[in-house]
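Please read them with the coordinates open.

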Amino acid sequence: MIPVRCFSCGKVVAAGWEEFKKRTEAGEDKGAVLDDLGITRYCCRRMLLSHIEMIDVISPYQ
Amino acid sequence: MEIDIIELSERSAKFILSDVDTSVANGIRRAMIADVPNLAIEWLELYDNTSVLYDEQLGLRLALVPLTMHPDYVPESECTCNGEGCPSCTLNLRLDAKGPKTVYSGDIFSSDPNVRPADDNIPIVELKEGQNIMLGAIAHVGYGRDHVRWQAGVACGYKNMPDVIIENCDGCGHCIDECPRHIIEIKNDEAYISPENMIKCSLCRLCERACSLKPPAIQVSYDPRSFVFTYESDGSYSAKDLVLKAADVIENRAGKMAEILDKI
Ligand SMILES: [Zn+2]
Ligand SMILES: [Zn+2]
């Protein structure tokens, strides 16, 4: 799951995750979407850019 | 002390604080991060958790969800109940969910209608078929100095008001190419920075180094008694209330300090 807050500054980044995922999967530019969401600092941007959802990988072994 | 507000929205603000020492500016910054009382989930009573997250992970995620702060709540240690737990220091919340479903912060049910998650769309956990969550949560008021869950101010910072002096410029334009903020332009064959652009200067001094003249025609300096302040709120307070609360905290402490000094 996406971390709730940015590790460095503490901003709540998870609130933008679903929209970020939906819009980038539709082919929009990642940087532009992040600007739109108001995630401007690079500490917060890397939280979304570098995130990989592992839940579907782990859940069969639950 | 003078305050000039540049931007003020619900969650973020930018203002110029002038005619004060660094200690005042830093005091406000630190108070916003560490000393503003805030509500956050501290304890969980887990009845059922068959999700992919461990109980502790789930607890951390829930704790980090900002709750809107209501001024009636006080920290347990300062409450009239002496830490036993009463409605003015303890808030009960509940979260029940059955998979398949993504659980969001908006699904958290708060027993006080005045307090609720500041954002409704924070994913807590994705539940698959047959996975359930059933828990009760207890939120307390705390301070950012003890744990991030209570930190209301986000990315609080300031810089000194930049003051770039340009003298005897030959208009070569090297500094224009070098400036990472793109704020220098040519006016009357001389480098020029407009007053509204001056505030964007990051005081990096790359322009000084790029200048071909010796000594450089462009010199970066700053006003030591003027600060450009930027901060964001996590949603528990509005940006305006956050800085006011921080000022209250400092005032309170200064009052206590005066009391102690009087007794000596
Ligand atoms: Zn950040
Ligand atoms: Zn109490």
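1. The centres of domain 1 and domain 2 of chain B, taken over C-alpha atoms, are 41 Å apart. Domain 1 covers 2-34 + 154-231, and domain 2 covers 37-151. These bounds come from an automatic or database domain assignment.

2. A caveat on basis. This is a predicted model: local features need pLDDT of at least 70 and side-chain atom pairs pLDDT 80 or more, while totals for chains, interfaces and linings use all residues. Residues are numbered from 1 along each chain as its sequence is written, with chains lettered from A and ligands numbered from 1 in the order in which they are written.

3. The largest nonpolar core has 66 residues. Among the members that touch the most others are A:Val13, B:Met32, B:Leu39 and B:Ala246. Both domains of chain B give residues to this core, so it lies between them. A second, separate core has twelve residues, including B:Cys179 and B:Cys201. A core here is a set of buried Ala, Val, Leu, Ile, Met, Phe, Trp, Tyr and Cys residues joined through C-beta atoms within 7 Å. Buried means 20 or more other C-beta atoms within 10 Å, exposed means 12 or fewer, and partly exposed is in between; C-beta atoms are placed from the backbone.

4. B:Ala246 touches B:Ile28, B:Ala31, B:Met32 and B:Val36, leaving out residues up to four places away in sequence. Contact means C-beta atoms, placed from the backbone, within 7 Å.

5. Chain B gives 19 residues to the contact and chain A gives 17. On the chain B side, α2, β7 and β9 each give two or more residues. β7(B) gives the most, three. Helices (H or I, at least four residues) and strands (E, at least two) are DSSP runs, numbered from the N terminus.

6. Chain B has an open, antiparallel sheet of four strands, ordered β3-β8-β4-β6. Pairing requires at least two DSSP bridges between strands. β3 and β6 of chain B stand at the edges with a single partner strand each, so one side of each has no neighbour in the sheet. β4(B) and β8(B) pair over nine bridges.

7. Check A:Leu49, in helix α3 (residues 42-49) of chain A. Is A:Leu49 buried or partly exposed? A:Leu49 counts as partly exposed because it has 14 C-beta neighbours inside 10 Å. Its C-alpha atom is 7.8 Å from that of A:Lys30, 19 residues apart along the chain.

Methods
Contact = placed C-beta atoms within 7 Å.
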